[in-house]
Amino acid sequence: MTERKSKKILLQTHNLVKKFGGLTAVKDVSLDVKAGEIVALIGPNGAGKTTFFNCLNQVTVPTSGAVTFADQSLVSVVSPATKLLVLRLSQVFAGLSLLWLPLVLGVVWPEAFFRLEAVIALSSLTLFRIYLLRPLSRFRPWSRLLLIIFMLVDIVCGAVWLARSAEFSEISFFGLFPFYPLLVPGAIILIAGALTLLVMFNLPRVREAFGRYLRADTITRLGMGRTFQNIRLFSSLSALDNVKLGRHCRTKANFFGTVFCLPQARREEQDSAEKAAECLRFVGLGDQLLTRAGALPYGDQRRLEIARALATEPRLLLLDEPAAGMNPTESRELITLVRRISRAGIAILIIEHDMKVIMNLADRIFVLDHGELIASGTPEAIRKDKKVIEAYLGAQ
Amino acid sequence: MKNKAMHLDDRLFSDKKLYLPLLAVVLILPWLPMGIAGPYVIRIATLTLVYMVLALGLNVVPGFTGLLDLGYVGFFGIGAYTAGLLTVYYHWSLWLVLPLAALNGALWGILRGAPTLRLSDDYFAIVTFGFSELIILVIKNELWLTRGPMGVPGIARPDLFGIVLNQPWQTYYLIFFFLLLVLWTVVRIRSSRLGRAWFAIREDEIAAECVGVNVARYKIIAFALSAAIGALAGAFYARWFRFIHPDMFKFWESILILCLIVFGGMGSITGALVGALVLIPLTEILRIVLPPEFSNARYLVFGLLIVVMMRWRPAGLLPVEKD
Amino acid sequence: MLNTLLEQSSLFLQQLVNGVTLGSIYALIAVGYTMVYGVIQLINFAHGEIYMLGAFLSFSLVTGFFGIGLPFGLAVVIAVIFCALAGVFLDIVAYRPLRRAPRLAALITAIGMSIFLQNLALLIWGAQIKSFPRAVVPAFLFAPALQFGDVVISWLQVVILTTAVLLMVMLQLIVHYTRIGRAMRAIAQDKTAAALMGVNVDRVVSYTFALGSGLGGVAGILVGLYYNAVYPTMGYFAGIKAFAAAVLGGIGSIPGAILGGGILGLAEVFGGGYISSSYSDGIAYAVMILVILVKPTGLFGRFARDKA
């Protein structure tokens, strides 16, 4: 029974890709972590392990691919074809936007259209608008919103100008050619174009291309806790406060509850202090509650980070090189600590260089090299894997 | 033992030995026999209390969330003008005008803060600075609303239950009441879930996000609270001073308020109070003691003070943490 | 229609000339901000005060405020040298002790220094606006150099423009072709690595301050002449505008600062002329805020001043 339960997949990545400019730090990585498991991710320096971690909890936004955690989709797949479509559409729209400012000006200040400076101002503003469209190709979630706002404004402006078109029938450009014949078709083309684009950008496929990105704090609340390779504690706060911050996502007290000392807020504060102290005792820091985090010795800081992550009540704990810089005794203690965490039913994904720690702990191992997954399997299988040996020792 | 480990800030409302004597001194002050100096001393005391409120409000952003705000006087101005204009045009009561001014301040705090959420510390400082300068420009130029460089004279005095507070000691007690209100709020929040989230943002934004703090949201709350406190002080100031003018809200004021918390120790509540208690009477004394051509240059002292503090006591006189 | 167009265009051209002049001055000041930011990532708020000092010193030396009246040329040279020294002094006294402190501390110190210097000037020279007496300034500066129809370019404008261009070219040569320039670029890339390679960081930073402050001093003198007004708060406004120019061009980039200065000068003159003169100061603030919000790296910026 427990056996079947532990087979349930908790975290799954599907072809995860992260590019920094021309460099692909993570290339098509697909792996999975089952509930209650200890999985290790190893690889030479610069293999993209930490970047992969950052992509999991969205500290950096992955370029493409999908992450599913606890049956929730954290990042959805962005297909290249849809991406291209969105890009092309945004380019077409950039062209259309050249008509945009004349329209706005036509509504608010029609005379300005015939002044030299106004035309200069107008073209620079139009350039600015085209510039604003650039983020579309990078799929920032807000860029779609920006685009929709622009198009709504276009439609309104076009409509207003059409309604006031009679006022412009007399005017001509610099006394040379009449204005009116350009005006009505222009406005109609713009309105129609904006409407079409508005509909297209709301198609499910296009919406999906923009992805559904969750913030790191939401992901923590979903149950993914993590530690950092270079310790990131709140160093001027006490150890207890650090861990209490881990309780943050499990508590609710708000501004008013705090200021008016509502009983619920007070109870919650007490409760989180108790839970935090419990977490600290769990990692063996029970006697350091009020010590400033920055003043703790190095090994204790690593354990404090784990306590802080545990306080968020994770279902999956991401440990980024927890044994780095530890002496043999400390890393032995760490192994027992990780075992105890695992026994509490928390799945663990661990990045580590210390092979003794890995071989001791891991149920399964994934090996990354140059951003690519080169091997996976049980510790015994990995130990014998040719590719892994090559990656670590160089091809022979 | 536990009490000793607690910072002064946490003891403000829980340690009787600490707050009872302070309370007594503040409450007795107007009744001390001071002869003709009396009204003047009360005036300075009132001003000091106003700046204490301002320092506490500013402290929320640079002290708690670690973002340098160089335009705090903008909110002071917004509050003063909101209250002043509402009073002059509609003759509303202080108790209606004050919350409205605070709300307006909070609104602008949010509007200013929302686009700056992803900026680094020095760029944030520049944006806050530019914002407050723009506010002053608007106040100066929109004559139809603010009367611009003519200022707004003849603002009604504060009132309580329909009674106009004429006496200096009455307004003095009033601002002391507001100070206690603000103090209570910030002291409570400092040691709560909200305050911890702010400290986390100050220490390490990425780590804060990863332990589940919604960074954007808590920054916005800090901006709103800080701005609301500044506007509250401004509203009181307008009703107390009875005249407001765009030149009262120049950049120097922002720096003066910043100086108060730098002096006392950024992030420390008692530090902000002590900063105002020392420096505001000092400015007033300098104004009297120095000959007029020098008294204009008294900010020189503040500039020097900031430099010296940053060099030798960067954590201020009452630092938040002691090792 | 054609007539009004011509009239408008002559107004436009005059504004263009004024804008370019103003812009070249902003560029001179902006370069100082940008160079310092490039090497130590500090917004040197007190840079505007150095510029103000330049104007005041040249004024005092020319008019004999300190007891001796010097010829104009000599006064300018001494003032510029003094400004460069003041910049170095500022760095050594205020900023160098804080190199390892949090950036906020250095920034606050810079603000403190700015206030200190400004009030010092107030104390020494008083709050009244001073103007260069006509007698001590070479007279030809105020004569028109070129005139097309209604468009007038004065010699002063010509001098300002040529000075600015020459100094910028010189600066580019220094930065790109000298040892010290190479050291500056190395420090901008990576301070620690540069120090490990044997670059004396403190000395290079001092040179940077000297160069930037010297240019700021030149700008101060030019503006003092151009508007014929010298007053203690002049550095504050010009400093902010120049800083906006540096941000616009991308802070840390010298060509960016030049371009940003030009754009801002034009924007201010045209904005003041066509939109609203009372808000012309606001244009700099608005440009600055917009650039920071929309593209914090500016036009040529290398520093992605984003979090993380």
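This is a predicted model: local features need pLDDT of at least 70, side-chain atom pairs count only at pLDDT 80 or more; totals for chains, interfaces and linings use all residues.
Residues are numbered from 1 along each chain as its sequence is written, and chains are lettered from A, with ligands numbered from 1, in the order in which they are written.

For chain A, with its 396 residues, the buried figure is 37%. Chain A has 17 helices and 13 strands; these are DSSP runs numbered from the N terminus, helices being H or I with at least four residues and strands being E with at least two.

Which strands pair with β11(A)? On one hand there's β4 (residues 38-42) of chain A, parallel to β11(A) and joined to it by 4 bridges. On the other there's β10 (residues 316-320) of chain A, also parallel, with 5 bridges. Pairing means that DSSP finds at least two bridges between two strands. If you want to find these in the viewer, A:V39 has A:L349 as its bridge partner, and A:L316 has A:A347.

Now zoom out. The order β9-β10-β11-β4-β12-β13 (chain A) makes an open sheet of 6 strands with mixed pairing. β9 (224-226) and β13 (372-377) of chain A each have a single partner strand, so they stand at the edges with one side lacking a neighbour in the sheet. From one strand to the next, the twist averages 20°. Helix α14 (residues 328-343) of chain A packs on this sheet and touches β4, β10 and β11 of chain A, with its direction at about 150° to that of β11(A). Angles run from 0 to 180 degrees between N-to-C directions, and axes are lines fitted to C-alpha atoms, for helices over the stretch in contact.

Over to chain C, for a helix pair. How do α2 and α8 of chain C pack? Helix α2 (residues 47-63) and helix α8 (residues 201-228) of chain C make an angle of about 55°, and their axes are 7 Å apart. That angle makes α2(C) oblique to α8(C): under 35 degrees would be roughly parallel, over 145 roughly antiparallel, 65 to 115 roughly perpendicular, and the rest is oblique. By class, this contact has 10 nonpolar, 9 polar and no charged residues. Among the residues that meet are C:G54 in α2(C) and C:G216 in α8(C).

Last stop: chain C against chain B. How many residues does each chain give? The contact takes 37 from chain C and 35 from chain B, where contact means C-beta atoms, placed from the backbone, within 7 Å. On the chain C side, α4(C) gives the largest share, 15 residues. That side divides into 26 nonpolar, 6 polar and 5 charged residues. Nonpolar covers Ala, Val, Leu, Ile, Met, Phe, Trp, Tyr, Cys and Pro; charged is Asp, Glu, Lys and Arg; the others, Gly among them, are polar.

Key. Two residues are in contact if their C-beta atoms, placed from the backbone, lie within 7 Å. A residue is buried if 20 or more other C-beta atoms lie within 10 Å of its own, exposed if 12 or fewer, and partly exposed in between; C-beta atoms are placed from the backbone.
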